[in-house]
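Please look over the sequence and the structure shown here before reading the briefing that follows.

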Amino acid sequence: MNKLLYRKLICSFLILFSSAVFAQDLPRHNPVPGGVAIVDLKNNDNMAPKVYFLKRRVMVVKGKNDHWQAVVGIPLSLTAGKHKISIKAADKKMLGFKVTSKEYELRNITISNKRKVSPTKADLDRHSKEKPLMVAALKTWTEQQQVPASFILPVKGRLSSEFGLRRTYNKQKRIRRHTGLDIAAPNGTPIVAPAKGRVILTGEYFFTGGTVVIDHGQGLITLYCHLSKTDVKAGDELLQGEHIGEVGSTGRVSGPHLHWVVSLNNTKVEPKLFLPE
Ligand SMILES: [Zn+2]
C-alpha cells in the first residue's frame, strides 16, 4: 500500500472513531414546560462551549451530526413562547428556542398520615435542616464529556402518578406540582440505577423518606424517594442496572412506590424523555 493511501485511511479511521466516541444518545426533544429542549449550537469546535439557561449551566454534548447540542431542562413554571440560552464562546451570543404549552391534569391525593400534610413545628424544623442538603445535591455539576442519557426504568412496576400533575393533598386548596414519576411496586421490590453514575447523597428525610441521589454528570441528577432500604452510600460508583435499594412507603406517601426525579440544569423534568419510547 502506498504511503499516501495509508495515511488517508488512518485519517478517515480517526475521524470516524472520534465522532463515534463523541456522539451520544440524547433524551427526546420535547420543548414544553417540564420537558427538554435539544438546541443545535451549529458548532463542531474541539471544545464544548459553555451554555447557560436562566443563569444555570446547561449540558452540552456532541450530537450524531457532529455539532454540539445544548440539552436544556425546562421548568414546569416557564411560560410558553420564545426563550434564549446564552453561549459563552469567543463571540458571546444568544440562541432562541421555542417552548410550546402543555396542560397538566389536576388530581387529589389522600394521605392518611396527617402530619405529612400538616406538619408540626418540630417536623418543619427538621425539614428546614434537611432541605439544604437536597438543594445542594441538585445543583451538583460534574465535568465529563459523555453523559449517559438513555435510561432503563429503575423499578419494575405500574406508573401510578405522572410527572407534572397539579396535585392537592386531602382536598386542601393548595396546589403542588408533582415533580417526579411514581412507580407503584410492593415493599421490598429492588431499585436499580437507570444509568451509570455516582451516589452523592443518601439519607432518611421527613417528606422523601429513604432517599438516594445519583450524579450522572453535567448537571444530570436523579433522585429516588420513599425507600424501605438503601444499599448504597455517597461516593459509590454505579453501572446501569446496579442495585441501589428497595421500594418502601417512608416519608409522605399514600402507599408503597418509588418517586423518581430526573433533574437537568437544576430543573426537574419528565423522566420518560430519558426512557425508550
Ligand atoms: Zn411522586
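How many Å separate the centres of domain 1 and domain 2, taken over C-alpha atoms? The two centres are 27 Å apart, where domain 1 covers 3–99 and domain 2 covers 106–274, with bounds that come from an automatic or database domain assignment. This is a predicted model, in which local features need pLDDT of at least 70 and side-chain atom pairs count only at pLDDT 80 or more, while totals for chains, interfaces and linings use all residues. Residues are numbered from 1 along each chain as its sequence is written, and side-chain values use heavy atoms, with hydrogens and water left out.

- Domain 1 brings 24 residues to the contact and domain 2 brings 24 residues, contact meaning heavy atoms within 4.5 Å.
- The area buried between domain 1 and domain 2 is about 2000 Å², with 55% of it given by carbon and sulfur atoms; buried area is the accessible area (1.4 Å probe) that two parts lose on being put together, summed over both.
- On the side of domain 1, R57, M59 and L76 supply 31% of the area buried against domain 2, which is more than any other three residues.

- The rule finds 1 salt bridge across the interface of domain 1 and domain 2, a salt bridge being a side-chain nitrogen of Lys or Arg within 4 Å of a carboxyl oxygen of Asp or Glu.
- R57 forms a salt bridge with E143, and their closest N and O atoms are 3.1 Å apart.

**Elements on the side of domain 1**

- The elements that give two or more residues to the side of domain 1 touching domain 2 are α1 (3–22), β3 (56–62) and β4 (68–73), where helices (H or I, at least four residues) and strands (E, at least two) are DSSP runs numbered from the N terminus.
- Of the elements on this side of domain 1, β3 gives the most, with 6 residues.

- R176 lies in strand β10, residues 176–177, and counts as buried because its relative accessibility is 15%, buried meaning under 20% relative accessible area, exposed over 50% and partly exposed in between (1.4 Å probe, protein chains only).
- Leaving aside neighbours within four places in sequence, R176 is in contact with L165, R166, R167, Y169 and R252.
- V192 lies in strand β12, residues 190–192, and its C-alpha atom is separated by 7.2 Å from that of G245, 53 residues apart along the chain.
- Not counting residues up to four places away in sequence, V192 touches I152, L153, P154, G241, E242, H243 and I244.
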